[in-house]
Protein chains: 2
Amino acid sequence: MQDLRDRLSRITDLSHAAAILEWDQETYMPEGAEESRARQVATLRSFAHELLTDDDTSRLLESATPESEVDQDLVRITRKDVEKATKVPADLIARMAVASGRSKGAWQKARATNNFSKFAPHLSTIVDLTIEHAEALGYSESPYDALLDQYEEGMTTAQVARVFSDLREQLVPLVKTIAAAPPITDTAVHGNFPHEAQWAFGIEVAKQLGYNFHHGRQDVSAHPFSTAFSITDVRITTRVDPQFFNPGFFGTLHEAGHAMYEQGIDMALEGTPLADGTSLGIHESQSRLWENLIGRSRPFWQHYFPRAQKAFPEALGRVDMETFYRSANAVAPSLIRVEADEVTYNLHIMLRFELEQDLISGKITVEDLPREWNDRMEDWLGIRPSSDSEGVLQDIHWSLGAIGYFPTYAIGNLMSAQLFAAAKRSIPDLDVKTANGDFSDLLLWLRTNVHQYGRRKSSGQILQDATGSPLSADSWMEYVNSKFGDLYGF
Amino acid sequence: MQDLRDRLSRITDLSHAAAILEWDQETYMPEGAEESRARQVATLRSFAHELLTDDDTSRLLESATPESEVDQDLVRITRKDVEKATKVPADLIARMAVASGRSKGAWQKARATNNFSKFAPHLSTIVDLTIEHAEALGYSESPYDALLDQYEEGMTTAQVARVFSDLREQLVPLVKTIAAAPPITDTAVHGNFPHEAQWAFGIEVAKQLGYNFHHGRQDVSAHPFSTAFSITDVRITTRVDPQFFNPGFFGTLHEAGHAMYEQGIDMALEGTPLADGTSLGIHESQSRLWENLIGRSRPFWQHYFPRAQKAFPEALGRVDMETFYRSANAVAPSLIRVEADEVTYNLHIMLRFELEQDLISGKITVEDLPREWNDRMEDWLGIRPSSDSEGVLQDIHWSLGAIGYFPTYAIGNLMSAQLFAAAKRSIPDLDVKTANGDFSDLLLWLRTNVHQYGRRKSSGQILQDATGSPLSADSWMEYVNSKFGDLYGF
């Protein structure tokens with residue numbers, strides 16, 4: 001058992017070293033180092049893969065005698081990891097790496113020049129390889145199950161489709177109701193928000209939420225992310241727009257939410273492959289909970305608005321709290337996912353989920369995508385992209401071969417409300433505490449019910465144990481109906 | 001051959017990944033991550049060691065057919081690396097790691113409390129292990145040869161002792177002459193030198209010397225260093241004292257000198273173990289050349305002083321160039337090596353070189369060290385430490401087991417003058433160019449004669465080919481006699 005633990009610890013060290021190199025690449029690496037860095041990361045990742053899949057690991061897994069429940073989980077989950085890692089032939093992985101390298105470049109050019117036809121042949125290759133990948137991974141019902149399972153282990157396409165269909169039925173009319181109501185403008189979140197003041201304010205709030213900077217830090221990067229190198233080193237990045245409050249501040253809360261999850265994993269799991277988020281959905285539930293259910297709530301701004309006014313006197317000096325709160329929550333159907341508000345965001349995801357399934361099942365072809373995209377956008381959100389750059393070309397994911405990833409964003413949103421509702425049941429005065437800037441009970445509840453387990457519990461099991469139910473759209477619909485009913489007066 | 005190249009490239013990637021983790025540790029890593037980081041670095045280093053010393057590498061070295069001169073050097077130098085790496089038993093390496101871990105902590109406490117006796121037993125262990133290490137490495141004349149060879153391959157104790165003895169004979173009287181001359185005060189380099197202005201000025205000058213920031217960057221760390229992750233990613237760190245010009249500025253030039261060396265290695269060696277400095281002495285010659293022979297020269301300040309006055313108006317607004325130049329070159333025997341001036345610095349090193357040899361040969365014991373240290377300081381520099389913290393306890397090196405390292409500092413100083421004299425012979429108007437802020441010919445000369453080779457040439461060979469002579473104290477003595485004769489009027 002100790003030999004197995006040592007081996008897994010070394011594999012984990014290699015993966016974390018690769019993550020450190022990637023963090024550096026996005027934050028501080030000199031521009032001219034791209035090529036060498038790509039090689040170094042690939043070397044570390046391939047070592048980790050070779051070690052995980054070699055015969056010694058299998059032998060250790062066979063012969064190890066677990067001495068604790070953690071050991072049992074370590075053996076159980078590592079077996080699954082090995083199985084997954086060995087299912088996909090090395091030549092397919094290599095072909096996918098080559099294809100996604102080319103495809104990413106083609107996507108960048110296609111988006112810049114609004115020319116989908118330049119990207120289409122690359123995307124076709126990606127789709128073909130993804131189907132081959134799904135076949136290699138195996139599935140019981142549909143190839144898409146295998147893809148989804150990579151990011152949200154244990155959830156099936158059918159289950160997600162049921163929940164999403166339920167969600168869409170209620171959400172599309174809600175969006176229409178809001179669109180028909182007197183609009184809320186977001187002027188208060190635009191204006192002079194100096195970089196330094198945003199940076200300091202974001203860190204101050206993140207610390208008060210419970211993100212521990214003794215074991216973390218924040219840096220600037222073009223695309224915000226959070227990354228963990230150990231339970232004791234979990235970092236976030238943010239970008240700041242000095243004329244717009246939302247991306248920097250809510251981005252910081254979002255990434256801090258991810259980071260608090262990984263900081264909250266039981267230290268008994270440190271250095272093992274169990275010390276990681278259990279699924280992308282659960283991860284996203286943590287970021288969205290802090291970003292939206294806390295950070296965009298009225299009690300939160302009751303506490304923080306006076307502080308924000310001091311930090312941004314020019315932009316907020318003559319704005320009142322309620323106006324600011326409404327601005328931060330304005331809903332307006334828009335074309336770009338990453339700029340979407342809390343209400344319409346899930347529709348952007350469901351659109352991609354449907355198109356992905358249709359592409360994988362062969363119901364539509366890559367050539368059909370732009371029209372299908374625009375038609376469904378119009379149908380669900382009432383707006384139609386005037387160019388593919390604002391439509392089907394907007395996201396990088398498919399160009400990288402990440403098909404099956406998008407649904408985890410909406411799953412995370414639903415989970416965030418489901419977990420938050422359960423937390424509220426056990427902390428009845430949560431809103432009062434939030435209005436006092438006291439987040440300790442909520443963080444403790446999340447640590448106890450979600451964070452500590454790392455990968456020891458699946459996302460389904462966490463949800464069931466913490467909330468008493470499997471994934472459902474109910475809590476989230478209740479939450480948006482109540483919050484936006486209040487805001488938009490319906 | 002291609003298999004060998006691939007294997008060595010992967011080993012190099014692992015070592016560079018470890019260096020990236022170490023860089024992060026000194027610059028940005030959250031404090032609370034120390035333990036996990038130590039484990040991760042150890043994992044990467046041990047993988048690199050295992051791969052280098054395993055049978056597959058030896059088999060590839062046996063069977064590879066070199067296809068070029070670079071291939072030949074790759075095989076030749078890797079054979080030596082493997083031989084060295086396999087000579088030292090793993091258990092000795094482990095015992096040294098444990099001992100130096102403990103010893104470092106004991107040294108920190110001993111220095112803080114000025115209590116040598118707390119460090120002495122640890123240092124005795126380190127000395128014993130170092131002797132064991134030297135025996136394992138093997139040597140022809142003295143165990144110290146084996147230690148020196150780790151840092152300055154190919155140089156023998158006898159050779160260095162001859163050169164140092166020659167140096168000391170001339171240097172001790174010179175220091176006495178200077179001490180007897182009317183003193184030069186260093187008041188102009190003390191004053192208000194704001195952090196930001198120092199940072200910007202240092203980077204501006206480093207760029208003009210030829211340090212390429214497209215493939216490099218500068219960050220803050222407690223102890224300045226330079227580090228390379230590839231020929232295309234060579235970084236430096238600096239610390240800044242806002243009341244004292246020298247540490248930040250000359251530190252930046254020093255580290256930029258190291259960095260330009262590694263940036264100048266032939267790109268044909270990229271990703272191979274040959275893309276590294278060939279010895280610590282040659283490395284130090286490059287840092288000292290830019291720091292002292294250029295950066296502390298009159299022509300340099302003829303060009304940069306007006307710029308410095310603009311950058312630091314409060315400190316330098318009413319100072320003239322000559323006063324500043326003299327301040328930056330003030331000589332005064334002092335107790336602390338890292339604060340020593342250009343002239344006395346080598347005596348600090350020779351003191352350590354002698355004590356190290358006496359410890360290893362058993363001529364003195366650890367208990368004798370404080371007295372021996374103080375006596376020799378008094379003899380050579382005319383000053384005596386009033387405490388061991390200012391004496392034998394000042395440096396970290398011995399606590400880490402780095403015995404044989406110190407002499408490379410003085411070797412580097414001598415080499416810097418020897419190389420600079422050769423460069424001057426081939427660029428007769430070098431001083432005029434320096435006074436015009438044009439360093440391109442000098443950098444090209446260094447690239448051509450030193451940098452490009454990486455580890456393909458030994459330090460002795462570089463010196464011989466570039467200057468026509470083996471290591472000698474002559475150029476450096478001529479340089480200090482001329483420069484400080486002028487400054488101190490003898």
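Author: Two strands pair if DSSP finds at least two bridges between them, and strands (E, at least two residues) are, like helices (H or I, at least four), DSSP runs numbered from the N terminus. This is a predicted model, in which local features need pLDDT of at least 70 and side-chain atom pairs count only at pLDDT 80 or more, while totals for chains, interfaces and linings use all residues. Residues are numbered from 1 along each chain as its sequence is written, and chains are lettered from A and ligands numbered from 1 in the order in which they are written.

Reader: What makes β1(A) and strand β3 (residues 233–238) of chain A a pair?

Author: They are joined over three bridges in the parallel sense, which meets the requirement of at least two, so they count as paired. Within β3(A), A:Thr237 is the residue that A:Asp219 stands opposite.

Reader: Why are β1 (218–220) and β2 (226–230) of chain A called edge strands?

Author: Each of them pairs on one side only, and the open sheet of chain A has the order β1-β3-β2 with mixed pairing.

Reader: How do you know which strands helix α10 (residues 245–263) of chain A touches?

Author: A contact requires C-beta atoms, placed from the backbone, within 7 Å, and α10(A) touches β1, β2 and β3 of chain A. Its direction makes about 165° with that of β3(A), on a scale from 0 to 180 degrees between N-to-C directions of axes fitted to C-alpha atoms, for helices over the stretch in contact.

Reader: What makes up domain 1 and domain 2 of chain A?

Author: An automatic or database assignment sets the bounds, giving 1–87 for domain 1 and 148–490 for domain 2.

Methods. Two residues are in contact if their C-beta atoms, placed from the backbone, lie within 7 Å.
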